[in-house]
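Have a look at the picture first.

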Amino acid sequence: SISYPGRQATNGQWIDRSKVNGVAMMKSSGLCVIGAGAIAERHMQAFERLGSVLPRWVVSRSAEAANEFARRWKFAQAGTSAEQALATDDIEVLAD
């Protein structure tokens with residue numbers, strides 16, 4: 001599943017519902033992917049088409065799989081602990 005707290009899709013872009021001077025503002029969202037398998041690959045292909053996501057964390061049971069996925073999709077961090085990834089304040093979209 002994919003969560004987009006406080007966001008809605010418009011013309012293929014995710015919009016933060018907060019407004020500045022009455023205008024909805026576009027912003028990039030920090031992404032955490034849980035799992036580094038085939039479904040995660042599909043999620044990333046979709047996110048790549050959407051744009052406006054920043055690959056922050058990928059988490060997998062295998063550190064090797066997480067590191068390889070992070071390298072391939074240019075994630076800033078990789079690891080085996082979802083708790084560690086979600087404890088950061090730059091994650092706004094979660095795909096698992």
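Start with K74, which sits in the loop between α2 and β7. Helices here are DSSP runs of H or I with at least four residues, strands are runs of E with at least two, and both are numbered from the N terminus. K74 is exposed, with a relative accessible area of 68%. Here, buried means under 20% relative accessible area, exposed means over 50%, and partly exposed is in between, using a 1.4 Å probe and protein chains only.

Before going on, keep in mind that this is a predicted model, where local features need pLDDT of at least 70, side-chain atom pairs count only at pLDDT 80 or more, and totals for chains, interfaces and linings use all residues. Residues are numbered from 1 along each chain as its sequence is written, and side-chain values use heavy atoms, with hydrogens and water left out.

Back to the backbone. Most residues other than glycine have a negative phi. K74 has a positive phi of about 60 degrees, although it is not a glycine. S52 also has a positive phi, near 60 degrees, and is a residue other than glycine. You'll find S52 in the loop between α1 and β6.

| Residue | Relative accessibility | Class |
|---|---|---|
| S60 | 12% | buried |
| G79 | 13% | buried |
| S52 | 23% | partly exposed |
| K74 | 68% | exposed |

Now zoom out. The protein chain has three helices and eight strands, and from the N terminus on its elements run β-β-β-β-β-α-β-α-β-α-β. Of its 96 residues, 33% are buried.

How do α1 and α2 pack? Helix α1 (residues 38-50) and helix α2 (residues 63-73) meet at an angle of about 20 degrees, with their axes 12 Å apart. That makes α1 roughly parallel to α2. The axes are lines fitted to C-alpha atoms, for helices over the stretch in contact, and angles run from 0 to 180 degrees between N-to-C directions. Angles under 35 degrees count as roughly parallel. As for who touches whom, A40, E41, M44, Q45 and E48 in α1 meet F69, R72 and W73 in α2. By class, this contact of α1 with α2 has four nonpolar, one polar and three charged residues. Contact means heavy atoms within 4.5 Å. Ala, Val, Leu, Ile, Met, Phe, Trp, Tyr, Cys and Pro count as nonpolar, Asp, Glu, Lys and Arg as charged, and the others, Gly among them, as polar.

Which residues of α2 are buried? They are A66, F69, A70 and W73. Seen down the axis of α2, these buried residues fall within an arc of 100 degrees, so they line one face of the helix. The arc is that of the directions from the helix axis to the C-beta atoms. Covering them are elements including β5 (29-34), α1, β6 (53-59) and β7 (77-79). On the face of α2 turned away from the buried side, you'll see the exposed residues E64 and R71.

S60, in the loop between β6 and α2, touches A36, A65, A66, G79 and T80, not counting residues up to four places away in sequence. G79 belongs to strand β7 and, with that same exclusion of residues up to four places away, touches W57, V58, V59, S60 and A66. The C-alpha atoms of G79 and A66 are separated by 6.0 Å, although the two are 13 residues apart along the chain.

Notes
Parallel < 35°, antiparallel > 145°, perpendicular 65-115°, else oblique.
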